[in-house]
Amino acid sequence: MDFTIYILIIIFLAIVTAGFYYYKLNNKNKKDEERLTLQAEINHQKFLLEQEEKRKKEEITKKNKAYLEEIFWEVHKKVKSFHILVDAKKGYISGYNVFKWQQKFFKDSFNHAIVNSYKSLNLNDHQNNYFEKYINIYNKFNDIIAHLNTKLVRDEISNNQDFFSNIDGKSLDLQQRLAIATDEDNTLVVAGAGSGKTATIAGKVAYLVNKKNISPDDILLISFTKKASYEMMERIQAKMNIGVKVKTFNALGLEIIKSSDKENQKDVSALSDFQLKQIFDSFFEECLKDFSYFEKFTNYFFYEAHEYRSEFSFSSKHEYNQFIKGQNLRGLKMITDRNSSGEIFSYQEEFKSKEELEIANFLYLNRINYVYEKGYKVRTATEIFGQYKPDFYLPDYDIYIEHFGIDRQGNVPSWFTGDGVLSAKEKYNNAIAWKRDLHAENETVLIETYSYLKKEGILLETLRQKLEENGVPLKPMSEEEKLIEIKSKSTFEFNEFLKLLMTFTTLFKSNRLQIDKFRSTLEENGDLRTMQFFDLWKPIYEAYQTFLNDRKEIDFTDMINIATDYINSKKYKSAFKYIIIDEFQDISIGRYSLIKALLDKSPSTKLFCVGDDWQSIYRFSGSDISIFTRFAEYFATTNLLTYKRKSTIKKLENTYRFKQDLIGETSKFILKNPSQLAKNLISKIPDSNEKSVKIIRAEDEKNVADQLYDALFNLKEELLDKEESINDKSIIILGRYTHDLQKIKHSKKFLVSKTMADRNSIIKVPEITTSNIEFLTVHSSKGLEADYVFLINTNAGKYGFPSQISDDPVLHYLLSHTDEYPHSEERRLFYVALTRCRERIYLITEKGRESLFLSDLSCDDVPRNNCPSCSLGKLSLKMGKYGYFYCCDNNSQCIYTARPSVSDIHKEAIIAYRSKNISDALKLLHICENMEPSNVTILKDLVFVYNELEDYQQVEKFAKQALSKSSDDDLLKWLKNYHLSLNLHNEFLITILKKLIINKVDLGENYFLLGNIFYNSSRYDEAISAFAKAIVNRYTDVNAHYLKGECHLKLGQDSDALGCFYDAASHNFKNSKERYNILFAKLKKKNAISHLDKNVILSSPKQHIPSYEEIMIQNAIDAGLNIRFDYKKNADFTDGEISNRLVSPQEIIVVGESKSRCIKGFCFLRNEERTFAISRISNVLHEYPPI
């Protein structure tokens, strides 16, 4: 029964399991069916979607195709029109040509997404071709135009070679031709100095008239000055027979006004600059009659004429000192002294700060006697510190004044330095405390003032109160007395102030500013100095305007402004197709506005400008260099909304005036200003080894004339050495200012007279040249050139070069701020001076007052140490009570001193030597020698200096001392040549040659020279050895063989001599063949040739000529040396294997019936005696032990 139950249970489980699996399988099948059904539905829907998408795509394709077929003829028209636009026969494609074409043909826009899909729309080949062309034009339009224009210009040049090769008798270079043939809306030609800009302008005019059939009446040619316009007119009209009129801007403005408003005419003031200055003088004198104005003026002149910047505004001591040195801070008080010759001379004191200058002038104008930096009455000097010198001492009252450079919190400028322990503030304030204690201890009165008082505007008022509190009465000069002080002691400064008033007037009117708004701007900026100047200028300006109105006149600035207004108001219509402007770098904002108005009213007019931003030097009269350097930006906009004028810049970089070394010097100098446009000037003048820039240092201003005379005299002698005459050379003398002529006018060596125009001066130097030398300011020299140029003011200072008054801060409100590099205008002016010369320019400066521009030139061959204290002056070596010491030549600003090292004194010796002060150089070198007797450099320099003095005993003495310390190859070579040039074949020369040989310098030559000395001294054994080693070292002079043979003969060694004469004879040396034959016959007769029967020497020179390898082997045998060579295993020198052998050669032998010449010797590779065929030997080298 139990068994039956088990069976039933098993059957039950089987049935359940089978049922479960059946259910699961049946359920899976249903799901599969459902999934298949769903998938079928999905596929059906997908199919439907694809069919719909295909239908839509076909519809879009059909629609797009229809669109393209619809626009095809418009596309066809545009492509055809483009081909017409770029037709080479029509010439250059300018921006305006493109604009007009686009307005007409590209005005309608297409759906470019559809156009770009043209390939997929089954268009015909003709349609595909035009759509492809259209897309190419649309996507690459600018590149295509640029490429075509480049080709057009090149073709134009190529097709007009004869024309471009004869512009007024001159052949233009490629850059000039490219500039002329380019015909863009705006073309700026950046022309380097001496690059032929005038020829380019003349060529452009001739090209337009003769090649492009432009009427001369359609060309407006503008120059800036009457002189330049006359010269251009003479060239184009008279020489080239082209009737183009050349106008100045003023003449153009006047013409526009007269043709625009014939009823309301005003005359243009014809006042010259000189007359205008006289009128401004009269206005100023009239204003001075008003006491309030008089007081304002004297206050400004004495206390504000120099630009003020607080010490706290500078970032470094160098920056501060540079600023102060440029300010030329000289007071009113005259100091009288005697020079070393006992002559009395006077000078104005120079101060270390603007604040000290104000205090000094305040004391002087109030009749308070003072002494600047007088040593304190009690001695304070120690071995470390010098004597205490308060800023001012009032001897009549025994009062001292100290001015301290601190703010109200006792802070000092950031560039002040501490001492390693104390901070700068602590150090300075400790010094103040020490001074206070010193005065208290010695019961002396000390009045203190501070920098913060100046900043707060109460410095002088505070000083006044403190002086009165200490019983010092003020006795102020009258205003009339102050004016006398100004005109007697500051004449130049006074005249420059009047010029500043005139310049300010021109710029103010040119910028069309309003007085009230301008004054408000100054008040908002808190610019007290400019406000004071403005208040002095305003009544003069108003008087000037009244003067013009009363006379019913306008000045040139008014004329340009009115002419511009007439153009803008359409009262004047421009008929010019081309506007050409010379000297474009001098363009002002007013003149720019005039030209811009002409272009706006006639958009098709082409503008062609030529100039050099490196020579933009009329900023003071309104020229704005940014119009040049941002040319495209200034001339882009037009009155047509969608039209922007296109600009191109061309460069003329081939200069025909000066040499490449001057180009390198001047280019590097001018490009220190990053705002200047870069040019790569290339000289077409043959270069020479002579420097184009020479710096001359005068002791002081009185010495300038002597230095100029000496330079002219040396130039005369230099030219005579070249068989040239100074009378055939053009010479000009330049000054930064007209008054620079005074530097030489006092000298009797120069005869100075004015020209007829009363503008420039003629200088005669009868003892040097019969030619007249013209003196000009650098501004006047613009456009001129001469063989030799002398610039007699390259000093620092307010009236130096760079001038500190040309960039007076009051002008900054009226000028562009894009040209803010320090002294940018003065740097360009200096560049103009440098580039006036064809041969050389001489820069004359005064020691201690050198222009900072000189440090930017690499031509200064007299290097000097910068002062480490002020970093502005140069250190000069002086002799004092305790020996030599350095002091700063900027002694008005700096009191630095220091003990010099040997290196320092040696540098001074080099300076003296290069300056041809040989005696000073020798003196300084001996000081160095005494300090460091073993200094080889000093000993070597003594050798060279004594050679200059032709003291041969001293040369040998110091040469031996130097060589005992060091075997310097350069010195040895120099000494060798020195002895040979003087034919000094002595023991010292032998020592020199042996040292050179030890140093392995020119072994062959030096062994030969050594052999010669031994031969001439009958030291034949030593000579033979030296000659043999010369030969071994491949010395090519065959004389070595011959002389070696002569030495053997002298010693009775005939056989050895025979071999030497054979070697000489094989090279056809002198009569060595005869010597060989005679000696050979002699030996044969004596039967003394048994040793030679195996040697090459036995053969007659006619029968055998030894190879180079054989000669080298024989020389090694003679000298007892080893040889190393490459040896081939067979006679085939092409494929044979090579092994390198080291052999000790014994003799040359003849082997076998073929009489093969072989070398017999010990082979170190095989370690045995071997014989080698010479025909298989190559690359023979000698190996010899060192001497």
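Helices (H or I, at least four residues) and strands (E, at least two) are DSSP runs, numbered from the N terminus. With that in hand, here is a tour of the model.

This is a predicted model, where local features need pLDDT of at least 70, side-chain atom pairs count only at pLDDT 80 or more, and totals for chains, interfaces and linings use all residues. Residues are numbered from 1 along each chain as its sequence is written, and side-chain values use heavy atoms, without hydrogens and water.

**Positive phi values**

Arg512 sits in the loop between α19 (491-510) and α20 (515-525). Glu583 sits in the loop between β12 (578-581) and α23 (589-601).

| Residue | Phi |
|---|---|
| Arg512 | near 55° |
| Glu583 | about 55° |

Is Glu583 buried or exposed? Glu583 is buried, because its relative accessible area is 14%. Buried means under 20% relative accessible area, exposed means over 50%, and partly exposed lies in between (1.4 Å probe, protein chains only). Arg512 has 44% relative accessibility, so it counts as partly exposed.

**Helix α21**

Helix α21 covers residues 528-550. Its 23 residues reach 33 Å from first C-alpha to last, close to the 33 Å expected at 1.5 Å a residue. The expected span is 1.5 Å times one less than the number of residues. Where does α21 kink? The kink, about 30°, lies at Trp537, shortly before the proline Pro539. Such a bend is the angle between axes fitted to the seven residues ending at a residue and the seven starting there.

**Strand β23 and its partners**

Strand β23 (residues 837-846) is largely enclosed by the rest of the structure, because 8 of its 10 residues are buried. Strand β17 (residues 693-698) runs parallel to β23, joined by 6 bridges. Two strands pair if DSSP finds at least two bridges between them. In this pairing, Val693 stands opposite Ile841. Strand β22 (residues 786-791) also runs parallel to β23, with 5 bridges. Here Leu791 stands opposite Leu843.

A cis peptide bond joins Phe801 and Pro802, with omega about 20°.

**Helix α1**

Leu13 belongs to helix α1 (residues 2-85). Leu13 counts as partly exposed because its relative accessibility is 49%.
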